[in-house]
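Let's take a walk through this structure together, one element at a time. Keep the viewer open as you read.

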Amino acid sequence: MIDTFKTYPGLNFQEDWKVVTMLIGMNDICDYCKNNTLFSPDSFIHYMTAALDMMMNELPRTIVNVVQILPMKPLREVQKPSLGCQLQKSFCSCLVLPEENSTELKELIEMNFEFQRRLEKLLHSDRFFKEDFAVVLQPYLQHAQPPRLPNGTIDMSFFTADCFHFRVKGHEELAKGLWNNMFQPEGEKDMLDIFSEPVKLICPPKEHPYIYTRPRAASSALVLKQHSVTHISLVFVFVLLSHTMY
């Protein structure tokens with residue numbers, strides 16, 4: 001990714017502002033039962049820290065959105081009698097195969113929460129912050145539930161054939177939720193309750209038309225806040241998504 005930034009046509013690597021968005025960690029939870037050391041919260045935080053350190057050291061003028069991991073248990077309900085749906089049993093067996101209320105499933109659900117807690121602990125500080133770089137936790141998916149029809153069943157129109165990843169319909173809600181969180185200060189960020197309720201886009205207020213960056217602060221970082229969304233010369237959005245997104 002860093003090499004791409006350095007060579008991307010039309011991008012001034014040193015001077016242009018860049019936005020990176022990361023949603024990652026669900027694959028680790030899917031494979032937790034196969035190797036609970038390699039796919040542990042400790043391992044996840046270790047590699048997240050290393051990745052963010054690398055970006056902080058090598059990417060000037062960059063804001064990194066880290067989207068909070070979503071609750072994965074409801075994924076067990078995303079089912080239909082098709083060959084594609086059977087793939088779940090292969091690439092997320094630790095989640096979909098255990099019996100309901102089993103010890104294995106309860107442990108995995110707790111690990112899901114622990115991933116969330118550890119990620120929040122890592123990012124709710126000034127650890128990854130300097131005058132031209134900031135990492136921001138965007139929490140809107142923390143309690144998000146899958147889309148449902150009026151009768152309470154899963155709305156499969158949001159999912160691809162593998163009953164796991166989102167179609168464009170789902171990604172639209174992901175994108176709108178991210179946009180809203182970026183322009184809301186910590187402690188006032190909207191949380192997505194359920195994907196079947198369309199997210200209403202907000203416009204940045206005139207008194208603060210900036211991306212919020214500094215943790216636990218009422219306003220953006222002094223240097224970053226100078227750059228209005230409409231005045232950044234170029235914002236290059238590079239989205240890092242895990243292969244696992246409902």
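Helices (H or I, at least four residues) and strands (E, at least two) are DSSP runs, numbered from the N terminus, and the expected span of a helix is 1.5 Å times one less than its number of residues. The model is a predicted one, where local features need pLDDT of at least 70 and side-chain atom pairs count only at pLDDT 80 or more, while totals for chains, interfaces and linings use all residues. Residues are numbered from 1 along each chain as its sequence is written, and side-chain values use heavy atoms, with hydrogens and water left out.

With 21 residues, H7 reaches 30 Å from its first C-alpha to its last, close to the 30 Å expected at 1.5 Å a residue. Some of its residues are buried (under 20% relative accessible area; exposed is over 50%, partly exposed in between, with a 1.4 Å probe and protein chains only). The buried residues of H7 are Leu105, Leu108, Met111, Asn112, Phe115, Gln116, Leu119, Leu122 and Leu123. Seen down the axis of H7, they fall within an arc of 140° (taken from the directions from the helix axis to the C-beta atoms), so they line one face of the helix. Their cover includes helices H2 (26–30), H3 and H6 (93–96) and strands S2 and S4. The other side of H7 has Thr103, Lys106 and Lys121 exposed. For Lys121 the relative accessible area is 67%, and its C-alpha is separated by 10.0 Å from that of Ile45, 76 residues apart along the chain.

Next comes helix H3, residues 41–58. Its 18 residues should span 26 Å, and its end C-alpha atoms are 26 Å apart, which agrees. Among its buried residues are Phe44, Ile45, Met48, Thr49, Leu52 and Met55. The buried residues of H3 pack against S1, S2, H7, strand S3 (129–130) and S4. Thr49 counts as buried because its relative accessibility is 18%. Contact means heavy atoms within 4.5 Å, and Thr49 is in contact with Leu122, Arg127 and Phe128, leaving aside neighbours within four places in sequence.

How enclosed is strand S1 by the rest of the structure? Six of the six residues of S1 (residues 18–23) are buried, so the strand is largely enclosed. Lys18, Val20 and Met22 point one way from S1, and Val19, Thr21 and Leu23 point the other way. In a regular strand the side chains alternate between the two faces of the sheet. Two strands pair if DSSP finds at least two bridges between them; S1 and S2 (residues 62–67) do so in the parallel sense over five bridges. One of these links has Val64 in S2 as the bridge partner of Val20.

Not counting residues up to four places away in sequence, Val64 touches Val20, Met22, Leu52, Met55, Phe133, Ala134, Val135 and Val136. A nonpolar core is a set of buried Ala, Val, Leu, Ile, Met, Phe, Trp, Tyr and Cys residues joined through side-chain atoms within 4.5 Å. Of the 63 residues in the largest such core, Leu52, Val64, Val66, Leu123 and Leu141 touch the most other members. The largest share of this core, seven residues, comes from H7.

We finish at Tyr140, in the loop between strand S4 (133–138) and helix H8 (168–182). Tyr140 counts as buried at 4% relative accessibility. Its contacts beyond four places in sequence include Val67, Leu174, Leu178 and Asp190. The side chain of Tyr140 reaches the backbone oxygen of Leu174 at 2.8 Å.

Technical notes: Polar contact = N/O pair within 3.5 Å; in protein donor to acceptor, adjacent residues only side chain to side chain.
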